[in-house]
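Dear colleague,

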Amino acid sequence: MKKTALRFLQTHTNMTSVIGELAPDLFGERYTNKDDEMLHSLFIETVEQVPIAISITDKKAKILYVNEEFCRVTGYRPEDILGENESILSDKRTPRDAYRDLWRTISAKKIWRGTLCNRHKSGERYLSDLTIAPMLNESGMVTHYIGMHRDITQSYESEKKVINQKLLIESVINSSPIAMVVIDDQDRVILDNHNYKALVSDLDKGEPASYFLKLLRDEMGDLWSQLQSKEQGFNHREFKIESKGNQKVRWFSCAGNWFVENEVNADAFFQNTSKQYLILTLTDITRQRRQMEELHIQTLKTVMSEDERVRGIRETLLGAMHQIQMPMNQIRAAEQILKHKKDDQHAGLLQILQQIQQSGEEAVATMQKCIPEILQTAVIPVNLNQILHEVLLLSNQRIWSNDIEVHWQPMPTLPSILGSENRLRILFKQLIDNAIDSICESNGAEKRIKITTDTDADLIYVGIEDSGSGIPVEKRAKVFEPFYTTRPMGSNQAGMGLVMAKEIVNQHQGFIEIDPDCDCGCRFKISFPLNKQSFKGRV
Ligand code: FAD
């Protein structure tokens with residue numbers, strides 16, 4: 001290699017002189033003449049062997065010298081290219097402005113750096129990462145230019161591929177209907193998509209990632225760190241979010257996957273360090289939840305209407321039995337009177353009375369047999385907030401059509417009671433239906449139902465208050481008696497609703513009363529004991 005370079009330079013005397021002229025600029029003047037030859041050789045050898053394409057030109061870019069790497073990169077042999085202008089390499093795709101800038105810079109005695117599109121001798125295009133440095137003489141005038149370039153086609157392609165891949169990933173992520181966010185090990189957001197950005201303003205919870213991370217960590221407890229250490233993902237973690245001003249309730253399903261990425265900074269060059277990231281996806285499932293809830297309410301409506309049908313039959317039969325009982329009692333009394341008289345004259349009448357009584361008793365017995373059984377349901381932990389919420393949804397149509405304002409004030413974290421969901425639903429439905437009826441009848445200016453839940457150390461309290469006509473003090477005890485109604489005669493109220501309500505409360509070992517301190521409308525106060533472990537079985 002050394003010999004080839006020397007031979008080449010010796011055969012091209014002008015090249016040797018060019019190099020000789022440049023050597024002091026590169027090595028400085030501190031070398032004496034006796035070192036010249038050695039320095040020449042060393043310099044020529046260095047320039048010749050350096051793995052970067054080097055060319056030396058005159059002021060007009062006429063090529064005076066090229067090294068071996070230049071020949072390898074461009075495909076031109078020295079004899080093909082010496083004496084030619086550097087423009088021989090131009091592919092003519094490079095914008096004119098780039099050349100203008102190049103020349104403006106180097107003419108101003110400054111170094112120019114940039115990328116040009118060059119053409120290999122074979123015609124193939126390549127990208128040249130070029131640096132041109134002007135060489136000045138003692139008077140500061142440009143005498144030559146040194147061009148140094150590398151073929152960066154491959155690295156440019158790889159870089160572009162990475163950028164394209166990143167853009168592709170970003171556009172895929174952005175077009176996803178799911179909010180996505182990548183979080184580093186310090187809980188910082190590294191990458192997100194449009195849907196995630198929309199959540200920032202929609203939810204009004206600060207950084208949504210931090211908000212959901214807290215919910216997830218609180219819910220998953222130790223499981224979170226276990227999954228994180230094993231890089232195992234999680235999914236279907238559902239959360240109910242009350243967004244801006246408590247106006248809109250939204251449901252989100254969260255899924256997460258941890259992944260590890262090798263660090264790319266200088267510190268990690270020799271020590272392979274890596275960092276863990278979490279890709280978190282947040283799917284808005286509010287619509288599905290609402291559909292499920294509607295379906296649930298529809299099912300409840302069916303169950304409740306079946307229950308109402310059964311109750312209707314029960315009430316009708318019990319009412320009829322109640323009605324028959326009065327004349328039966330009178331007949332029984334008449335029979336007793338006649339028996340005491342021991343009078344043969346009335347023997348026929350006595351027999352008729354006994355026959356009437358017997359057929360009456362048979363009728364009552366037949367009716368008794370016809371009374372349908374109330375469906376028994378299992379006792380499970382029940383959240384009364386959930387039951388009341390469902391009952392409000394069940395009564396929604398009536399509430400809305402009667403223009404009634406509902407003040408629903410549940411205690412946020414209400415403990416469960418043991419009971420029958422269905423029976424409790426019937427209880428509250430009865431009380432809310434009564435409240436709606438009362439508001440409609442009173443026809444007052446204010447149409448309001450207030451429902452509250454609360455708890456203390458022993459009891460859970462439910463308050464159902466209406467702005468209706470109220471129940472007069474003297475009638476308050478009676479309303480819990482069978483077949484007692486404050487409604488006008490002929491209404492379809494049999495007066496069994498509150499009897500049944502009290503029965504359900506009793507079955508749950510609770511207590512129901514009409515609040516004596518309620519001065520407008522009516523307020524039912526119901527309390528249930530907490531954690532009644534003894535309460536088992538079916539109601
Ligand atoms: P040109 O007619 O050569 O030049 C285009 C414009 O450049 C002109 O309009 C003018 O404004 C300016 N210009 C040209 N020559 C001069 C001059 N002597 N003084 C002031 N302004 C001038 N080009 C490449 O395409 N690839 C290379 O690898 C490359 N390497 C170079 C290395 C060196 C050391 C130097 C000095 C130049 C190099 N050039 C290279 C630039 C090259 O000389 C041409 O300017 C360029 O290729 C454009 O060629 P052209 O025939 O299209 O236009």
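In this predicted model, an N or O atom in the side chain of Tyr99 is 3.1 Å from an oxygen atom of the ligand, which falls under polar contacts (pairs of N or O atoms within 3.5 Å). The protein covers 76% of the 920 Å² of accessible area that the ligand has on its own, with areas taken from the Shrake-Rupley method and a 1.4 Å probe. A polar side-chain atom of Asn85 also lies 3.1 Å from a ligand oxygen atom, and for Lys92 a side-chain N or O atom is 3.1 Å from an oxygen atom of the ligand.

Around the ligand there are 21 residues, the closest being Asn85, Lys92, Arg96, Trp103 and Asn118, where a residue is counted if one of its heavy atoms lies within 4 Å. Helix H6 (96–107) gives the most to this shell, with five residues, while strands S3 (112–119), S4 (125–136) and S5 (142–151) each supply at least two; helices (H or I, at least four residues) and strands (E, at least two) are DSSP runs numbered from the N terminus.

As for the chain, 38% of its 539 residues are buried, meaning under 20% relative accessible area with a 1.4 Å probe and protein chains only.

Residues are numbered from 1 along each chain as its sequence is written, and side-chain values use heavy atoms, without hydrogens or water. Because the model is predicted, local features need pLDDT of at least 70 and side-chain atom pairs count only at pLDDT 80 or more, whereas totals for chains, interfaces and linings use all residues.

With best regards

Terms used: A polar contact is a pair of N or O atoms within 3.5 Å; within protein, one must be able to donate a hydrogen and the other to accept it, and residues adjacent in sequence count only if both atoms are side-chain atoms. Buried means under 20% relative accessible area, exposed over 50%, partly exposed in between (1.4 Å probe, protein chains only).
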